[in-house]
Amino acid sequence: MLRIASANVNGIRAAHRRGFGDWLAARGCDVIALQEVRAQASKLPDGAFGDFHVALETGTLPGRNGVAVLTRRPPVAVRTWSGAALLGAPDEALTSIPADDRVPLARGLSRFVAEGRYLEVDLADAPVTIACLYLPKGGLPAHLQRPERMREAPDGGAKYARKMQFMDGFARYLTRTRRAAAAEGREFLLMGDLNIAHTRQDLAAWRRNQQTDGFLPEEREWLGRQLSPRTLVDVVRRLHPGEDGPYSWWSWLGQSFAKDAGWRIDYHLATPRLARSAVRAAVDREHEGTRLADHSPVVVDYDWA
């Protein structure tokens with residue numbers, strides 16, 4: 001059995017203050033993909049990754065982004081878009097290592113290589129490649145931007161265009177790296193915060209959010225194109241086919257969390273054989289009565305032999 005989790009921690013230091021370390025020690029995961037670590041190596045809290053080996057791509061933007069994959073055994077290989085990563089064992093300092101990618105970077109992704117948005121590892125104890133992604137949040141296209149309804153100043157659709165460029169390039173890259181894993185006899189599992197709610201089941205207030213970034217028709221259609229019975233399967237939806245949610249993100253504002261008025265934007269997307277081995281999925285809304293972040297960990301048990 002492999003217990004694998006994905007969690008946007010929205011800042012590893014803040015998450016630790018809320019009890020992330022206790023959750024990490026108690027949950028019994030074998031692999032954990034983290035997004036928005038938001039800390040350079042020198043700023044990580046003591047024991048940031050518990051009793052795990054860690055592969056970390058911080059990026060170069062202080063206090064933003066950053067992805068990591070935690071494993072029980074050192075990974076066989078580590079790949080990033082920047083060509084470098086930090087690797088560490090429990091109770092040891094992180095070491096910078098070369099981390100060349102095995103497939104060409106797709107057109108349109110070069111502007112994102114230093115942002116700490118993608119990391120990929122090959123597990124040592126199972127023929128599985130784990131990919132961790134933090135997809136840009138984006139924004140609204142220019143024609144939908146109305147200043148009176150926006151919390152930020154209109155940008156003429158710049159953030160929207162940036163997200164579309166990322167998704168266009170990443171779709172090509174995802175196909176390449178998934179096929180590369182298959183050529184090596186490995187299953188492939190993409191986890192992370194995709195900042196897209198795919199269907200009406202994935203967003204509590206879908207009616208009033210049809211012109212909200214993260215639920216735009218073109219974003220939802222893009223995610224749908226990445227999924228099929230032969231390529232990648234939405235594991236949590238496969239295990240919870242007929243229900244709303246389970247949601248993984250709730251605003252800190254108002255009563256969204258109490259009312260479970262959330263979004264499902266954190267995913268496990270697995271190759272078909274690995275997806276079929278999944279036996280249970282859960283969202284850890286709280287740990288001992290406390291939210292670890294505005295996102296909650298998505299934990300899946302894979303009966304993998």
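How many disulfides does a search of the whole structure find? The search finds zero, a disulfide being a pair of cysteine sulfur atoms within 2.5 Å.

This is a predicted model: local features need pLDDT of at least 70, side-chain atom pairs count only at pLDDT 80 or more, and totals for chains, interfaces and linings use all residues. Residues are numbered from 1 along each chain as its sequence is written, and side-chain values use heavy atoms, with hydrogens and water left out.

Buried means under 20% relative accessible area, exposed over 50%, partly exposed in between (1.4 Å probe, protein chains only).

Next comes Asn 65. Asn 65 sits in the loop between strand S3 (53-57) and strand S4 (67-71). Helices (H or I, at least four residues) and strands (E, at least two) are DSSP runs, numbered from the N terminus. Asn 65 counts as buried because its relative accessibility is 4%. Its side chain reaches the backbone oxygen of Glu 115 at 3.0 Å. Beyond its neighbours within four places in sequence, Asn 65 is in contact (heavy atoms within 4.5 Å) with residues including Val 37, Arg 117 and Tyr 134.

Last, helix H4 (residues 217-225). Glu 219, Trp 222 and Leu 223 are buried in H4. Seen down the axis, the buried residues of H4 fall within an arc of 95°, so they line one face of the helix. That arc is taken from the directions from the helix axis to the C-beta atoms. Helix H3 (158-183) and strand S12 (266-270) are among what covers these buried residues.

How values were computed: A polar contact is a pair of N or O atoms within 3.5 Å; within protein, one must be able to donate a hydrogen and the other to accept it, and residues adjacent in sequence count only if both atoms are side-chain atoms.
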